[in-house]
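Biologist: I am new to this structure and would like to learn how to read its features one at a time. Could we begin with the way strands come together?

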Amino acid sequence: MDTQSASKEAESARVPAGNECRGVAQASAAIVHGDDHRAPATMAAGRDGDDSVPAFACACTYACTSAPALGRIGDPVDVTAACRDLVRRCAMSNWVHQFSFPCAEPSESVFEPIVTSYGVAVANCLLERHADDIARASDGLVEFIRRWTVAPPVSTTAWDIAFGRAHLIIQKGRHDAAGALDAAVRVGLRLAAGGQSGRWSAQLAPTSIQLDDRVVDAVEQIEVHVDEVSWDAGTRLCLRLADGSALLWRRDGNQWAGAGGSRLASVGSTRPIYLLPRQAWPADENGGDVFRTCQPVDHISPSMAQSFEDGLSVLQKNVPDYLPWVERVLNGIVVCPVEAQRRLVSGSWEDVPGFVCISSPHGGIDIAETLVHACAHQYFYMLQRVGAVDDASDRTLYWSPPIGKKHPLSRILMAYHALANVQLLYDAVRRNTANPPQDLRYVANNEPGLQAAIRALDTPLRDNPALTTLGRALYAPLAARLAALSH
């Protein structure tokens, strides 16, 4: 547990406490609970609102700012009334529970408006700052993205590295025409695959492009045409390469059809989670320090892919609700080599949604724990698009045992959220005597240390008035679930 949990919590330390392009403003439409059987945290009165009306709001506005020194560069983005209506109609009690841990009947009408609002905000920020740069090297791309921001279909399309790269360009706070064009092209391709109609083309420096399960090297010109009537059959893509050749693809359902490109391995039962080698990971500097923290393998070996299959199998056999919970937020795994003593290494980035890095190969139980931990962080990042989990009134730095460092309250909650979900996995594995002996030994060896870390993280969170309604709603049901395990 020591090396594994340390590597996982270390990535929490790399994530900045602030997100310069976040500042989510609460929308006018509150989420109304369907009954009065609410967790105590959601009924607590305080700064967040009257105790009779929980102050949960959807992320229908998302103010975009650059680095703090540059100040605000865009007005709050009001996502379509459809987004607000979807969240307003959500009648389930305590919708944040779906972010806290898996629930029996999750509602996509909660996740999709949050992600769409985030994507609209990032796209608008990118165009506000770099529209002229993008337009100089493209034809129709600015208009294509802008049309999507005006009437975006509510979906999880924006929970993707394409929007993460755009977000990172905005955060750089300096002029970068090439980086902005690269980010806009990737956003445009993501939107085209999602059905946004229109036509555009762009010329860029030779680069690798990932398109679903394919990676194409040395792409220097892209032409896209998405038919308004039948996007799945009427989407055409031309990729012109640096050697003068061209690839002509069309959309066939949820995949690109056509020759060329390298195929990516994938895992997953309800949707593909792609396994990314070095070739598929950005080789340029547009991502800054974020991408330099990851050192992918050169190719995905069968044993690496099998390791991730085994991890998902552990979830399916022991905590089946976690399988769709993981697959909802995870688009890709950047596969890294195993370090000395077979130490498991993992990491994620707040500004690169939907992607994590994990070393492989490892045992299935190791991978299962890592997937639960890493995806808990994805839900934490997504929830922060709605609002802050603490009000910054508690400036104390609290000790985080897994990494041996002090962190602000929000990061203590983030670590608690991840480790508590791992504890739910451990409990299920321990109770399932059909598990192989090595998995039962793994839990027996690691659970005491995990529980000690959770207790230490829980102390500053319990009854802390600095947690917002959102923060308490994330923490309280998970704390109650853990308490129930001990009885």
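Biologist: In what order do the five strands of the open sheet lie, and what is the pairing?

Modeller: In general, the strands of a sheet pair through backbone hydrogen bonds, either parallel or antiparallel. In this model, which is predicted, five strands form an open sheet in the order S10-S11-S12-S14-S13, and the pairing is mixed. The edges are strand S10 (266-267) and strand S13 (346-348), each of which pairs on one side only. S13 runs antiparallel to strand S14 (residues 355-359), to which three bridges join it, and glycine 347 stands opposite cysteine 357 in S14.

Biologist: How do helix H11 and helix H13 pack?

Modeller: Two packed helices are described by the angle between their axes and the distance between the axes. For helix H11 (residues 302-318) and helix H13 (residues 364-384), the angle is about 75° and the axes are 7 Å apart, which means that H11 is roughly perpendicular to H13. Residues making the contact include Phe308 and Leu312 of H11 and Ile367 and Leu371 of H13; by type, the contact divides into nine nonpolar, three polar and one charged.

Biologist: What is the volume of the largest pocket, and which residues are the closest to its centre?

Modeller: Rolling a probe the size of a water molecule over the atoms shows where empty space is left. The largest pocket here has a volume of about 1,100 Å³, and of its 43 lining residues, Asp160, Arg190, Asp212, Arg271 and Asn331 are the closest to the centre. The lining comprises 18 nonpolar, twelve polar and 13 charged residues, and S4 gives the most to this lining, with five residues.

Definitions and conventions: Residues numbered from 1 in each chain as written. Predicted model: local features only at pLDDT ≥ 70, side-chain atom pairs only at ≥ 80, totals over all residues. Heavy atoms only, no water. 1 Å grid on protein atoms, 1.4 Å probe; cavity = no way out; pocket = protein on both sides within 12 Å on 5 of 7 lines; lining within 4 Å. Points joined across faces, edges and corners; volume = space filled by probe spheres on them. Helix = DSSP H or I, 4+ residues; strand = E, 2+ residues; numbered from the N terminus. Nonpolar A, V, L, I, M, F, W, Y, C, P; charged D, E, K, R; others polar. Axes fitted to C-alpha atoms, helices over the stretch in contact; angles between N-to-C directions. Parallel < 35°, antiparallel > 145°, perpendicular 65-115°, else oblique. Contact = heavy atoms within 4.5 Å. Pairing = 2+ DSSP bridges.
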